[in-house]
Amino acid sequence: MSLADPVLLAVGLLVAAALAWAAVAAARRRAAALASAGVAPGGRARLGGVWFTIAGVAVLAVAVAGPAASVPVSRASGTVILAMDVSGSMAATDVTPSRLAAAKRAALSFINAQPDKVDIGVVAFQRGGLEAALPTADHATAAAAVGRLTTGGGTSLDDAILASLSAITHKTVSIGRNGSAPDIGYWPSATIVLFSDGQDQAGAASGPDPSLAAAAAVAEKAGVHIDTVGVGTTAGTTVEVDGYHLFTALDVAILTSISHTTGGTYHPASDASELNGIASSINLRLTVTHEPLPLAGAFIALALALLATGAVLTVARTGRVI
């Protein structure tokens, strides 16, 4: 239990102690006077009401000091980074009207569905990752950042993860030249939602990219879940990028691997209707926070009960309130 103003408690308890001392001193003087007159004292019963009154004053002192208890509360809160793939392949039209347009619509739907206690940031990633909007409780800022996105460039999924982690921690997160993973602390209330077709240029030429595995491992160690949203179809289509016609298809395996490594979930979205349902299928983790529970009311009620009891006992014993 904590107190808002311990000084008031100290003053109140001093007053109660002074009253107790005065009551004991008065009872002793009265007992001595009765003894000298040859009358047996009955002070103990007479003081019953006084002691209840003093106890009420002491409890009232606790009440005015502003007592509060810290109670754990589970709620959906924390930080969400929407990592949006804006590479050239996202201009493909195997999802109507295009992969990026459908992903943006799903991201906006996700933003609108989140409570105010969730901070949302946006990272648009090409090679190198581009931070578009830091996490904020102002969801309109995140929505505006999503609305400005356009396609262009290549995709580096590991840079997307690292840029998202940088946005969460508010410091640059990178893999060492020797492949060493940084320790960024523990962020269990943070989630990355990655919208991509999984076309990772960094690992396209030589198989799976070790940098991607390292980036996912950093997120996993930090307790950050990555939910991946596959935008596109496995059948694929051809898209024009910088004057070249390139075939592009959804890479389910790489997106599933990322989500499973970090304890997240892969969400397939091969058409616009599935993308629109993503907002309801991604579950944020509940975080336990400790919030103060004011106890002054309970102490006031107890103090009034003690004071009333003291008054009743005093009236019953002496016929007077005081």
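1. A contact means heavy atoms within 4.5 Å. By that rule, F52 touches L306, L307, T309, G310 and L313, with residues up to four places away in sequence left out of the list.

2. This is a predicted model, in which local features need pLDDT of at least 70, side-chain atom pairs count only at pLDDT 80 or more, and totals for chains, interfaces and linings use all residues. Residues are numbered from 1 along each chain as its sequence is written, and side-chain values use heavy atoms, with hydrogens and water left out.

3. F52 sits in helix α3 (residues 48-64); helices (H or I, at least four residues) and strands (E, at least two) are DSSP runs numbered from the N terminus. F52 and L307 lie 255 residues apart in sequence, and their C-alpha atoms are 6.3 Å apart in space. F52 is partly exposed because its relative accessibility is 35%; buried means under 20% relative accessible area, exposed over 50%, and partly exposed in between (1.4 Å probe, protein chains only).

4. The structure has two salt bridges, each defined as a side-chain nitrogen of Lys or Arg within 4 Å of a carboxyl oxygen of Asp or Glu. One joins the side chains of D94 and R99 at 2.8 Å, N to O. The other joins D197 and R99, at 2.8 Å, N to O. Through shared partners, D94, R99 and D197 form one network.

5. Where do D197 and R99 lie in the chain? D197 is in the loop between β6 (190-196) and α7 (201-204), while R99 is in helix α4 (residues 99-113); the pair is 98 residues apart and links distant parts of the chain. Both D197 and R99 are buried, and R99 has a relative accessible area of 0%.
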